[in-house]
Amino acid sequence: KQWYQRRVAITAGINFGYAYAGLAWLPTFSKGSDLWGESFCWYSIFYSMMQLARIVYQTQRTAVLDQWITTTIFCHVTLWIISLPSCDGILIRSLRSLNQRAILIVSFLSYFLSLCSEIGFDIALVVHMLAAVRVGYEAHLSSGNDFSGDVFRKAFLCCLGFVVLKVADLPLREYWTPNCFSGHFLSKICDVGQIYYVAEFVHVLTGKKSETLKSE
């Protein structure tokens, strides 16, 4: 019981990292009147509260909301990047030709794949993640520089860690990590990292300067 309480406390603590990532970048995008950036930051802040609610209440409703928000955040990132006029690429042009509301609706409804198959949510999440990564890569190639490339790699590695650690949760818990540090917990650290670096990546792409971020 003591081990479980310690694990819950640590997991709850890392959830405040989502709020930190959102609050860290919110002033930057608010000053630049970047609605996509502002909403992304608020997304992260809300996600922090929702994750905390899931741990405290442990209900099916909060678990479903958690998964639903996860896919829509990746969709938000994709739409945010394709909204940048300087970015170009095959997938970027293809998505720009579609209605943004239609993309959001499809993303929102994709969660219902989980009702059709046990791996339905996993399929929807992978598609969202691949789209966001591809769009980010095309954006870097078309309008990025060495610094944006470095930030993109950090975001990608965090994204990869988020997936691998979550999938390897049970083996890690049994053979490697301490009881209070599960693969699920470590994946949250990567998740916070990818949110922070995605915001930094778009900030670099737009060429805006910030008091808190200066490229070399």
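View 1. D191 sits in helix α10, which spans residues 183–205; helices here are DSSP runs of H or I with at least four residues, strands are runs of E with at least two, and both are numbered from the N terminus. The model is predicted, so local features need pLDDT of at least 70 and side-chain atom pairs count only at pLDDT 80 or more, while totals for chains, interfaces and linings use all residues. Residues are numbered from 1 along each chain as its sequence is written, and side-chain values use heavy atoms, with hydrogens and water left out. D191 is buried but has no salt bridge. Buried means under 20% relative accessible area, exposed means over 50%, and partly exposed lies in between (1.4 Å probe, protein chains only). A salt bridge is a side-chain nitrogen of Lys or Arg within 4 Å of a carboxyl oxygen of Asp or Glu. The nearest side chain of opposite charge to D191 is K166, 6.2 Å away; Lys and Arg count as positive and Asp and Glu as negative, with His and the chain ends not counted. Leaving aside residues up to four places away in sequence, D191 touches Y18, Y47 and F162, where contact means heavy atoms within 4.5 Å.

**View 2. The ring pair of Tyr18 and Tyr47.** The structure holds 12 aromatic pairs. Rings of Phe, Tyr and Trp (its six-membered ring) pair if their centres lie within 6.5 Å; planes under 30 degrees apart count as stacked, over 60 as edge-to-face and the rest as tilted. In Y18 and Y47 the ring centres are 5.0 Å apart and the planes stand at 90°, so this pair is edge-to-face. Y18 belongs to helix α2 (residues 16–31) and Y47 to helix α3 (residues 35–57), so the pair ties together parts that are 29 residues apart in sequence. Y18 and Y47 are both buried. Y18 and Y47 are also among the residues that D191 touches.

View 3. The rings of Y196 and Y197 have centres 5.7 Å apart and planes at 85°, so they form an edge-to-face pair. Y196 is partly exposed at 27% relative accessibility, and Y197 is partly exposed at 22%.

**View 4. Ile45 in helix α3.** I45 is placed in helix α3 and is buried, with a relative accessible area of 11%. Not counting residues up to four places away in sequence, I45 touches Y18, A19, G22, L23 and L26. I45 and Y20 lie 7.6 Å apart in space, C-alpha to C-alpha, and 25 residues apart in sequence.

**View 5. The salt bridge between Arg54 and Asp66.** By the rule given above, the count of salt bridges comes to four. In one of them, the side chains of R54 and D66 meet with an N to O distance of 2.2 Å. The pair links distant parts of the chain, with R54 in helix α3 and D66 in helix α4 (residues 60–82), 12 residues apart. R54 is partly exposed, with a relative accessible area of 30%, whereas D66 is buried at 6%.

View 6. The closest N and O atoms of D88 and R93 are 3.0 Å apart in their salt bridge. D88 is partly exposed, with a relative accessible area of 36%, and R93 is partly exposed at 45%. D150 and K154 form a salt bridge with closest N and O atoms 3.5 Å apart. D150 and K154 both lie in helix α8, four residues apart, which is about one turn of the helix. D150 is partly exposed at 29% relative accessibility, and K154 is partly exposed at 34%.

**View 7. A nonpolar surface patch.** F156, L157, L160, V163, V164 and V167 form a nonpolar patch on the surface, with about 540 Å² of accessible area together. Patches are made of residues with over 30% relative accessible area and no salt bridge; like charges are joined within 9 Å and nonpolar side chains (Val, Leu, Ile, Met, Phe, Trp, Tyr) within 5 Å. Accessible areas come from the Shrake-Rupley method with a 1.4 Å probe, and for residues only the protein chains shown count as cover. L157 is found in helix α8 (residues 146–167) and counts as exposed at 56% relative accessibility.

**View 8. The whole chain, for orientation.** The chain has 10 helices and zero strands. Buried residues make up 46% of its 216 residues. Of the contacts between residues at least 6 apart in sequence, 71% join residues at least 24 apart. The chain exposes about 12,000 Å², and carbon and sulfur atoms supply 65% of this area.
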